[in-house]
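Here is a short report on a two-chain model. It covers symmetry, the interface, salt bridges and backbone.

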2 protein chains.
Amino acid sequence: MTTVPDKERLLAQVGFAVEIDKLKRVLRRNMLMDGSRRENDAEHSWYLGMLAMVLGEHAPPGTDLDRVTAMLLVHDIVEIDAGDTFIYDLTAVEVQEKAERAAADRIFGLLPEDQTLALRALWEEFEARKTPEARFAKALDRLAPMMANHHNEGGSWVRHGVTADQVMEKVEIIREGSPALGDYATEIIELSVARGHLARSRA
Amino acid sequence: MTTVPDKERLLAQVGFAVEIDKLKRVLRRNMLMDGSRRENDAEHSWYLGMLAMVLGEHAPPGTDLDRVTAMLLVHDIVEIDAGDTFIYDLTAVEVQEKAERAAADRIFGLLPEDQTLALRALWEEFEARKTPEARFAKALDRLAPMMANHHNEGGSWVRHGVTADQVMEKVEIIREGSPALGDYATEIIELSVARGHLARSRA
């Protein structure tokens with residue numbers, strides 16, 4: 001048998017890795033862009049990491065894009081325990097927060113302590129939206145489903161009766177992270193309303 | 001209508017983003033750790049990004065882990081056109097290389113030219129395995145399915161009749177990127193053989 005340095009650390013890291021495989025089975029409300037099935041949290045997190053890489057120039061100057069990427073890879077892991085919440089369901093959002101904190105304790109707690117603290121800090125930074133990195137990361141998280149709905153004839157907007165007024169509130173979150181992407185999101189909404197894929201307001 | 005700076009750049013970036021959504025539909029040979037379904041390339045890429053974060057200390061000192069992460073997020077995008085190849089199918093691997101180069105031309109070519117070059121360079125660095133970053137990234141790419149098979153009673157090893165001799169060749173690739181993870185992979189193989197989840201050699 002071979003010997004591995006820091007064997008206990010490595011086994012804790014592997015235990016965490018085995019646990020987070022479950023994120024691939026947490027389903028979101030929105031569909032893939034081709035409408036074939038619902039998206040899961042793991043592939044969504046990859047997609048946001050790619051958006052950070054490709055749209056990074058639209059973040060404010062000086063934004064640490066590597067930390068944005070790290071935050072995006074980590075941001076949904078708590079949903080392994082707490083599940084996904086549809087962002088237009090306000091009651092659920094409050095209950096969700098408590099469940100997510102408990103999930104963060106349990107799941108990040110599987111890691112060696114220094115890494116527990118580091119990943120938890122990334123997740124809390126994302127949730128608090130106080131740094132440019134967190135605001136840009138959240139902007140991408142809000143933009144991605146808009147892009148998917150836009151390319152999928154309204155997608156989850158149509159299925160759940162979401163209106164342009166409601167989506168515009170989310171655009172403000174995008175604009176706080178990136179004015180240019182806020183403008184782009186506004187254009188998406190106008191186009192979706194014009195094409196009949198998004199109702200302007202509740203009739 | 002609002003105006004977006006660098007509108008043409010942004011639209012090229014969005015075109016690329018829409019295209020790479022397809023990576024969520026490219027299926028790999030291995031299953032999720034719970035054995036419920038095959039893994040797709042997008043969630044696999046997220047998983048490797050997380051492994052880079054959590055196992056990064058097992059890379060050689062001085063390895064740029066942010067570049068490792070970027071490489072891992074990008075490394076399978078060419079499979080949107082070229083499909084996934086099972087690493088134990090040697091004939092397919094050669095044909096695959098040509099298809100992947102054509103895919104890289106087409107897909108990375110959707111981006112503004114500076115980004116086309118940057119993402120293509122990341123992908124080529126990964127494939128060439130000459131830098132510590134690429135060797136560590138490739139090690140994680142080889143380790144992840146071993147972990148999944150180990151936690152899934154042999155998984156794709158059993159289904160495709162793969163033997164310990166064949167897997168050990170892949171362990172050398174892991175060891176080149178990280179001696180500690182090479183040792184760990186060796187342990188996984190020994191355990192899997194002992195449990196009857198992996199045949200020692202072709203009977």
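## Symmetry

Chain B can be laid on chain A by a turn of 180° and a shift of 0.0 Å along the axis, with an RMSD of 0.0 Å. That is the relation of a two-fold axis. The superposition is by least squares on the C-alpha atoms of residues with pLDDT of at least 70 in both copies.

This is a predicted model, in which local features need pLDDT of at least 70 and side-chain atom pairs count only at pLDDT 80 or more, while totals for chains, interfaces and linings use all residues. Residues are numbered from 1 along each chain as its sequence is written, chains are lettered from A and ligands numbered from 1 in the order in which they are written, and side-chain values use heavy atoms, with hydrogens and water left out.

## The interface

Contact (heavy atoms within 4.5 Å) involves 57 residues of chain B and 57 residues of chain A. Of the interface residues of chain B, 100% are also interface residues in chain A, so the copies meet through the same surface. The two chains bury about 4,900 Å² between them, 68% of it on carbon and sulfur atoms. Buried area here is the accessible area (1.4 Å probe) that two parts lose on being put together, summed over both.

Across the interface, 26 residue pairs are in polar contact, both residues at pLDDT 80 or more. A polar contact is a pair of N or O atoms within 3.5 Å; within protein, one must be able to donate a hydrogen and the other to accept it, and residues adjacent in sequence count only if both atoms are side-chain atoms. On the side of chain B that touches chain A, α1 (7-20), β2 (38-40), α2 (41-55), α3 (65-74), α6 (113-128) and α10 (179-194) each supply at least two residues. α2(B) gives the most, with 11 residues. Helices (H or I, at least four residues) and strands (E, at least two) are DSSP runs, numbered from the N terminus.

## Salt bridges between chains

A salt bridge puts a side-chain nitrogen of Lys or Arg within 4 Å of a carboxyl oxygen of Asp or Glu.

E57(A) forms a salt bridge with R9(B), the closest N and O atoms being 2.6 Å apart. E57(A) lies in the loop between α2 and α3 of chain A and R9(B) in helix α1 of chain B, so the pair joins two chains. E57(A) is partly exposed at 37% relative accessibility. R9(B) is partly exposed too, at 24%. Buried means under 20% relative accessible area, exposed over 50%, partly exposed in between (1.4 Å probe, protein chains only).

## Salt bridges within a chain

D81(B) pairs with R106(B) in a salt bridge at 2.8 Å. D81(B) sits in helix α4 (residues 79-82) and R106(B) in helix α5 (residues 90-108), so the pair ties together parts that are 25 residues apart in sequence. In chain A, E19(A), K22(A), D81(A) and R106(A) are linked in a network of salt bridges.

## Backbone at R129

Most residues other than glycine have a negative phi. R129(A) has a positive value, near 55°. R129(A) is placed in the loop between α6 and α7 (132-150) of chain A. In chain B, phi of R129(B) is near 50°.
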